[in-house]
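Keep the sequence and the coordinates side by side.

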Amino acid sequence: MDAMSLPANRHCSIARTLAVLGQKWNLLLLREAFLGRTRFAEFQRIGIPNATLGQRLNDLVDAGLMERVTYQEEGERSREEYVLTEAGRDVLPVLAALSAWGDRHRPQETGQGVVYAAADDERPVHLEFRDERGELVDQGTVTIIRGPAYHAALAAAAGRSAGRARGAGHTS
């Protein structure tokens with residue numbers, strides 16, 4: 001059985017997100033895109049093999065996180081660059097959360113590898129939890145609970161099981 005077909009995974013936004021972002025190269029390519037890289041040769045600098053780079057960029061385009069844009073420098077042939085889409089730009093908090101965890105639990109002696117900052121004056125920023133009223137919620141008090149899609153899937157599965165059980169005793 002495919003683990004993604006289980007209700008705990010199929011109806012979980014984390015599992016669906018990992019289907020797109022679960023490859024280390026995808027996250028590193030997105031980091032590079034946020035650092036302003038757009039061209040194949042620029043992405044190569046992270047040490048990814050060319051065949052893998054091409055496949056990962058295709059995967060990010062297919063998933064809607066990047067789009068190919070044709071450009072042509074004077075006297076050169078046309079080429080494609082890879083630009084973040086809205087969905088790709090929405091990955092920024094994910095990268096920031098990974099960075100914050102790494103800085104705290106896997107720190108480097110030389111300091112942070114990347115810093116998240118306000119674009120206008122480069123003051124450092126950080127992630128935080130806020131409730132629906134906009135009030136700050138201490139991370140230590142935050143928990144994960146199952147959402148409505150999970151409960152609906154369980155109810156639907158229970159209904160199908162009950163129907164099969166009723167039908168099992170029926171004879172024609």
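Start at Thr-85, which sits in the loop between strand S2 and helix H6 (86-89). The model is predicted. Is Thr-85 buried or exposed? Its relative accessibility is 16%, so Thr-85 counts as buried, the cut-off being under 20%. Which residues does Thr-85 touch, beyond those up to four places away in sequence? They are Gly-64, Leu-65, Met-66 and Glu-67. Now look for Ser-5, 80 residues from Thr-85 along the chain. The C-alpha atoms of these two residues are separated by 28 Å.

In soluble globular proteins, nonpolar side chains tend to be buried together.

Leu-57 is then in contact with Leu-29, Phe-40, Phe-43, Met-66 and Tyr-82.

Turn next to H3. Its buried residues are Trp-25, Asn-26, Leu-27, Leu-29, Leu-30, Glu-32 and Ala-33. Against which elements do the buried residues of H3 pack? The list holds helix H2 (13-21), helix H4 (40-43), H5, strand S1 (66-71), S2 and helix H7 (92-105). Just after H3 comes Gly-36, with a positive phi of about 100°.

Asn-26 deserves a separate look. This residue is found in H3. Its relative accessible area is 2%, and Asn-26 is therefore buried. Outside the four places on either side in sequence, Asn-26 is in contact with Val-20, Arg-56 and Leu-60. Compare Asn-26 with Gln-55. The two are 29 residues apart in sequence, while their C-alpha atoms are 10.0 Å apart in space.

Arg-56, a contact of Asn-26, lies in H5. Why does Arg-56 count as buried? Because its relative accessibility is 16%, and the limit for buried is under 20%. Arg-56 touches Gln-23, Trp-25, Asn-26, Leu-29 and Ile-48, not counting residues up to four places away in sequence. Among these, Trp-25, Asn-26 and Leu-29 are buried residues of H3.

Now step back to the whole protein. How many helices and strands does the protein have? There are eight helices and four strands. From the N terminus, the order is α-α-α-α-α-β-β-α-α-β-β-α.

The overall dimensions come next. A compact globule of 172 residues would have a radius of gyration near 16 Å, but this protein has 22 Å. Along the principal axes, its C-alpha atoms fill a box of roughly 80 × 45 × 30 Å. Buried residues make up 20% of the 172. Take the contacts between residues at least 6 apart in sequence: 37% of them join residues at least 24 apart.

The protein carries 21 positive and 23 negative side chains. The centres of these two sets lie 10 Å apart.

Note on methods. Residues numbered from 1 in each chain as written. Predicted model: local features only at pLDDT ≥ 70, side-chain atom pairs only at ≥ 80, totals over all residues. Heavy atoms only, no water. Helix = DSSP H or I, 4+ residues; strand = E, 2+ residues; numbered from the N terminus. Rg over C-alpha atoms; globule rule 2.2 N^0.38 Å. Buried < 20%, exposed > 50% of the residue type's maximum accessible area, 1.4 Å probe, protein only. Contact = heavy atoms within 4.5 Å. Lys, Arg positive; Asp, Glu negative; His and termini not counted. Charge placed at Lys NZ, Arg CZ, Asp CG, Glu CD.
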